[in-house]
Each structure stands twice: as structure tokens, then as C-alpha cells.
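Morning, everyone. Please look at the screen.

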Amino acid sequence: MDIQAITFDYFGTLVDVDQGGMTGFEHVLQRAGVRSKDSLFDVYLDWDIRCVQNYRSGPYRSYRQVAGEALVATLEAIEPGCTQRLDTDALADLYLGHLVGSAPPHPEVPEILDWLAQRFPMMPITNMDSALWQCSQLVQFFDQVTTAEMAHAYKPSESIFRLALERLAVPAGKVLHCSLASWADIDGAKPLGMRVAWVNRGGDTLGVWQPRPDHEFPDLNGVRALFD
């Protein structure tokens, strides 16, 4: 297999974003003085759905903006009217800082990234803003990143994948993209000719009409095994 570079989705693929999101909402709800009858995971999931709907529903806006709007909507769903008394900008910054900074790498990830970095150029392709990427616990493993902010487009748009390929200066067919998110990454990368390793941590099932990945693994160990 002639692979010359490896790219990665970030949220979920490399880090436990659910933990980051739950930690973020724990701090937000405490600071806001808002109580929810739902679990932290359910509150985080409500925000995540709203955030994705926001950035897929119109022209590009920054992740900070769409995520902040989703945060307001989630808090309003818990306690209608509560955001009128809150500094929602400060709460959004608090939340996003934890979403990224408090999301720990999956157990196998640091060792495998270190191993792969000795053999390939590597790059995350992520829907977050560029400044937010600097909060990642994995930033030291990568010399470069391609963000939605750079491309003014969110995955699965081909624009962000094309920009990453241009910056890598590697033909699409010689790049292996590793991702958990099938709708965002398999659907975005395969039409450009990129090879895809689906890191299917949750045992999910692909939709009938989705393209199929070149490989499927339960975690990142499978990616290392391709080259070991």
C-alpha cells in the first residue's frame, strides 16, 4: 500500500470528546446556576446535535459562533429565559476550552501517533477553529493542521479536504484518512480519491447510500497494523 501521508479526524477519533463535552457542561451549569434533570452526557449530546445542525444549515460561520449559539439553545431548553441573565460569551469560551482541553486521548493514541510520526507526515483535518486547536492535548504530535476556519467550510465539504491535500502536497490516492465520523469524513474524503480507515469505536453501521471505507478498525491499533 503506497501511502505517503496520514490525516485524522480529531473529535472522537483521537480523543474522548464526550468526556470533554461533559466536563465543559459541568463547569457551565455550575457557573450559570442552572440545574438539569438530564445527565451531563444527554446535555452534551443535545448541544452537539444543535451545533452540527447549525454549521450544516447555511454558509460558513466560525465554530465559535455556531457552537455558542448551540450552547445558548441548550441552556434555554433546560431553563427557558436563563440566558438573559448570563454572560453567554464567557460561558461559550469556558465550554469550548473544556471541550478540547479536557478531552483526553484514547488510550492507544499517543503511542501510535508517535510511531506513525516517525514514518509519515501527519495532519488533523478538523471542524474546529484554528485557535481552539491549540488547546488540544495532542497538538505536540502535529506540525500542521487544517481547520474549518482555514477552509471556510466544514466537513464533509470537499473544500476542507482539498485544502488539506494542497497543504500536504501529496496526491489524494496516497493519503490515508483516519476517522470515527462516517458522515463527515468517509462521505467527504472518498469522492476525492483519498483512502479511508474507519475507526469505528462505537460499532456503528454505515448508511445504505454511504461510500465504503478501505479499512475498518475498532481503534487506532488497526491503522498501525497496516504498516507494522
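Start with the side chains of S4. Val175, His177 and Ser179 point one way from the strand. Leu176 and Cys178 point the other way. Buried or exposed? All of them are buried. Keep in mind that this is a predicted model.

Now, the neighbours. Which strands pair with S4? One is S1, residues 5-8, which pairs with S4 in the parallel sense over 4 bridges. Find phenylalanine 8: its bridge partner in S4 is cysteine 178.

Another partner is S5, residues 195-199. S4 and S5 run parallel too, joined by 4 bridges. Two pairs to look for here. Leucine 176 stands opposite arginine 195 in S5. Serine 179 has tryptophan 198 as its bridge partner in S5.

How does the chain get from S4 to S5? The path goes through helix H9, residues 182-189. This β-α-β crossover is right-handed. H9 packs on the sheet and touches both S4 and S5. The direction of H9 makes about 165° with that of S5.

A quick reminder. Strands of a sheet pair through backbone hydrogen bonds, either parallel or antiparallel.

Let's step back to the whole sheet. In this open sheet of 6 strands, the order is S3-S2-S1-S4-S5-S6, and the pairing is parallel. What stands at the edges? Strand S3, 146-147, and strand S6, 215-217. Each has a single partner strand, so one side of each is left without a neighbour in the sheet.

Terms used. Residues are numbered from 1 along each chain as its sequence is written. This is a predicted model: local features need pLDDT of at least 70, side-chain atom pairs count only at pLDDT 80 or more; totals for chains, interfaces and linings use all residues. Side-chain values use heavy atoms; hydrogens and water are left out. Buried means under 20% relative accessible area, exposed over 50%, partly exposed in between (1.4 Å probe, protein chains only). Helices (H or I, at least four residues) and strands (E, at least two) are DSSP runs, numbered from the N terminus. Two strands pair if DSSP finds at least two bridges between them. A crossover is right-handed if, with the strands pointing away from the viewer, the path from the first strand over the helix to the second runs clockwise. Contact means heavy atoms within 4.5 Å. Axes are lines fitted to C-alpha atoms, for helices over the stretch in contact, and angles run from 0 to 180 degrees between N-to-C directions.
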